[in-house]
Amino acid sequence: MTANLVVVGNGMVGQRFVEALRSRDTSGGWRVTVLAEEGRPAYDRVRLSAFFDGVSARELSLHTPDDGVDLRLGEPVVRVDRERRLAVTDHGEYPYDALVLATGSYPFVPPVDGTDLRGVFVYRTLDDLEAIREHARGRHTGAVIGGGLLGLEAANALRLLGLSTHVVEFAPRLMPVQVDEAGGSMLRRYVEELDVKVHTGTATTAIRPHGAPGGEAGTVHGLVLSDGSWIQADVVVIAAGIRPRDDVARDAGLDVGERGGILVDAACRTSDERVWAIGECAAVEGRCYGLVAPGYAMAEVVADRLLGGHATFPGADMSTKLKLLGVDVASFGDAHGTTEGCLDVTFTDPATRVYAKLVLSDDATTLLGGVLVGDASAYPTLRASVGGPLPGPPLALLAPESGGAGTGAGIAALPGSAQVCSCNAVTKDQIVGAIHEGCADVPALKACTRAGTSCGSCVPMLKQLLAVSGVRLSKALCEHFDHSRQEIFEIIRVRGIRTFSQLVTEHGRGRGCDICKPAVASILASLGNGYVLDGEQAALQDTNDHFLANIQRDGTYSVVPRIPGGEITPDKLIVIGEVARDFNLYTKITGGQRIDLFGARVEQLPQIWRRLVDAGFESGHAYGKALRTVKSCVGSTWCRYGVQDSVGLAVALELRYRGLRAPHKIKSAVSGCARECAEARSKDFGVIATDNGWNLYVGGNGGFRPRHADLFASDLSTEELVRYVDRFLMFYIRTADRLQRTAAWIEAMDGGLDHLRAVIVDDSLGLCAELDAAIARHVDSYEDEWRATVDDPERVRRFTSFVNAPDTPDPSITFEVERGQPVPALGERRPVVLGLPTMGARQ
Amino acid sequence: MTDTLTERWEVICPQELVEPERGVAALVAGSQVAIFRTYDGGLFAIDNRDPIAGANVMSRGIVGSRGDAPTVASPLHKEVYDLRTGECLDVAGVAVRTFPVRVRDGMVEVGAR
Ligand SMILES: Cc1cc2nc3c(=O)[nH]c(=O)nc-3n(C[C@H](O)[C@H](O)[C@H](O)COP(=O)(O)OP(=O)(O)OC[C@H]3O[C@@H](n4cnc5c(N)ncnc54)[C@H](O)[C@@H]3O)c2cc1C
Ligand code: SF4
């Protein structure tokens, strides 16, 4: 037996319904008639605007010919006779056993004067669009009433038709339904950039025709707005919302929803069991849906029911993602944060003009919804996560291009110009820069960049950035090795590797870089590989290590002779003075109690050092990731408070560890009593004298990230002290990451200071013998690099300005005089000094 | 290299003075040129001036590789340059000039265009 099915409306949902039924009704139980108001078969209304981009009506068509359906185009149903089960058109009556209403919506036209004028349109059908195009020909101005989703689509259409376009929106922002205030203003900037003039918070009070005579009577001329202003418009599009088309159902006595729409239950059945309603015209349990996806779901439900199934409407996700005027806009879930106690996380980047908001549950664990403007690449993941646990840290999810989310990769994709901290206008670039300079945690970043110091909302993002950079710093050293520095250290040590080439061939790839080469050079040096510039090792060294001096901004170098403990004889001071004078070097006393000589050209370095070495100086290793200085106060020798000989100990320690290559520089100090004049607690290891011996402190730091060293052990004898420092340094050298100072190393250590104590004092890892032996090897094999260099003509040969003109100084290096000393003549490159004091200092 | 386009070659130094994975600076017709030898023996010559810092230091950078590209890193701020093209791989739009370079009779020669 075949039953009659009549479908009213051949829109997107009606069409989907017919297809669903046809494909499943294999026994041909239903004879299908479709009665359609529009003169053309179903088309993709969602892509309607593509029509103005040149997509043809045919390309938009959803119709499948020969689907065995009796499709009656241009034949709207005017009445339904439920008693006789007839759908009535102007052409005939169609009996039904089941009637499916899929009549969609009609555009709401606000009750103002002039909506019937020529040149005033709605934006719903292909016919509307064709009429708009026709009318716009030869005209210049246009206006859209309504700044919602549809209105902006229409505005873009008018633009594409070459009209200078206005958008008038009654709400205080564009797309009020989808986005919040901040998203709306971001969107407004995009839209205005396209030369569309936006009027928000304004109603249209009337649409006015051309005043006859002269103008075209009965044709629109412009809009009067509620603020009294006048917008000239030759074309007006009304996009002020939609209303469900429930008129036929209403007239047939079917129940309708409170706010309109044909009332249906979860099976999409109306108050008449033979009549169903689907799509925008249906109010499922009282609620209408203005999107196509819920309509499709309803179509499937009714197709299933008509074939004996029991499907129900699952409820709908009102998420939307669209590209409006080239701008990605997406909203999903509870985009407006209507859930009780919910929290917002927002992100705004004015540079790339991305706005994003997440709405989270009150305990910040569940994603409820959100808004994305400018970049909606995270939309799929986010939408998928609504109602569930957050797939990652909120800000990482919001970051552009985090489509793959959940990994925190999003933050990596953020443009460098993105403002991470908007309170203090700190960009991602600035934060990443600070991390590269050594900021290793949030407090350091706060101190250094001020990010996160006001409202604190960017702190999660700072952590993300740290994590992302940390991965690179600590795990794989660089693209040439998958190992961390510690792992590479072990490989070299255990396998007895002697050259970088062997290491990279066997355990890495490529030919290395400025990250791995110096790190490997340092490891080889720590393991006692002799003179750092011999053989292949030379090519691994950073320029500082290569020329055994510190490169400066103009390409010259500075020279720092070692002055152990800061103690120096007058004769040696005089030598330094003479050398500086003879080579025209700028001199400055350093914080580490020595003297820095600046402005030496490459080819001068061996000459300078010849003089220094002959006077008994050694390299100060200011250029190396190595022990720098052991600073001291005068201690008990002179100071009336001193309880131990701090200078003597400092000299001994500095001589013991001089030249020891490490993951980063190492600084130390010794104070002669608890008054701590040497600032030992700001050092990697610091010693403070007590009445009974020495207190050892470890993990201190100065610089941009000050940290007081922690007390490691008290009242040590000199012998104990030295043993602990030996092990501390060697353990650090073995296990720290590249460029990780001792402070960060201890903080990152599992078990922290207690673990460190166990390793060093109690030998919990059974390592102490090895560590002791390694230091002993270092002490025994130490030789001064500069003496070894100047004594060997082959080595001196490297210090030439030009390989083809060894005696010609670099002509680009020039000096000027400042406060009686030479300084680089940088010309325009000199940094601008703001308000440098011209204080009346008496000379 | 682009031998055919080069009119004049300037003899710089014996080839062993350019050690593997190191650079040397040379004065060529008043310009400073940095000459490098890569591990596989390739010779490259670029402008010795670090275009970002403005100092003539490129010859003192660390030679290595990034992906397939032979590279040198500026010793001042570590921006990495492709030795073949002079292009800066870290800062878009920045590049150093490259020069033709070859070995003739055991001597390194740089083309002065
Ligand atoms: C410009 C534009 C952009 C859109 N963009 C999106 C988007 O990005 N995402 C999204 O989800 N949705 C979008 N929509 C909404 C989407 O198009 C609708 O949700 C979808 O078309 C609804 O399908 P429907 O079948 O219920 O209604 P319609 O597609 O409107 O179909 C109803 C059909 O029924 C006909 N009809 C009405 N009354 C009768 C009658 N008495 N007799 C016979 N026929 C009748 C109508 O003429 C119409 O052809 C957009 C809409 C427009 C206009
Ligand atoms: S730390 Fe103590 S011993 Fe050293 S200078 Fe200060 S007061 Fe004197």
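Which order do the five strands of the open sheet in chain A have?

In chain A, the open sheet of five strands has the order E9-E16-E10-E11-E12, with parallel pairing. Its edge strands are E9 (120-122) and E12 (197-199) of chain A. Each of these two pairs on one side only. From one strand to the next, the twist averages 20°.

Look at the E12 end. Strand E11 (residues 164-168) of chain A pairs with E12(A) in the parallel sense, over three bridges. Here A:Val167 stands opposite A:Val198 of E12(A). Now look at the E9 end. Helix H3 (residues 126-136) of chain A lies across E9 and strand E16 (235-238) of chain A. The helix runs at about 155° to E9(A).

Is strand E34 (residues 666-671) of chain A enclosed or open? Five of its six residues are buried, so E34(A) is largely enclosed by the rest of the structure.

Strand E33 (residues 627-632) of chain A runs parallel to E34(A), and four bridges join them. One pair of bridge partners is A:Leu627 and A:Ile666, the latter in E34(A). Strand E35 (residues 685-690) of chain A also pairs with E34(A) in the parallel sense, over four bridges. There, A:Ser668 has A:Phe685 of E35(A) as its bridge partner.

## A serine in chain B

Where in chain B is B:Ser59 found? The residue sits in the loop between strand E4 (43-47) and strand E5 (62-66) of chain B.

Why does B:Ser59 count as buried? Its relative accessibility is 5%, and buried means under 20%.

## Confidence

How does the prediction score? The model has ipTM 0.90 and pTM 0.51. For chain B, the mean pLDDT is 88. In that chain, 93% of the residues reach 70 or more. A caution applies to any model of this kind: where pLDDT is low, the predicted coordinates should not be read in detail.

Methods: Residues numbered from 1 in each chain as written. Chains lettered and ligands numbered in written order. Predicted model: local features only at pLDDT ≥ 70, side-chain atom pairs only at ≥ 80, totals over all residues. Heavy atoms only, no water. Buried < 20%, exposed > 50% of the residue type's maximum accessible area, 1.4 Å probe, protein only. pLDDT = per-residue confidence, 0-100. Pairing = 2+ DSSP bridges. Axes fitted to C-alpha atoms, helices over the stretch in contact; angles between N-to-C directions. Contact = heavy atoms within 4.5 Å.
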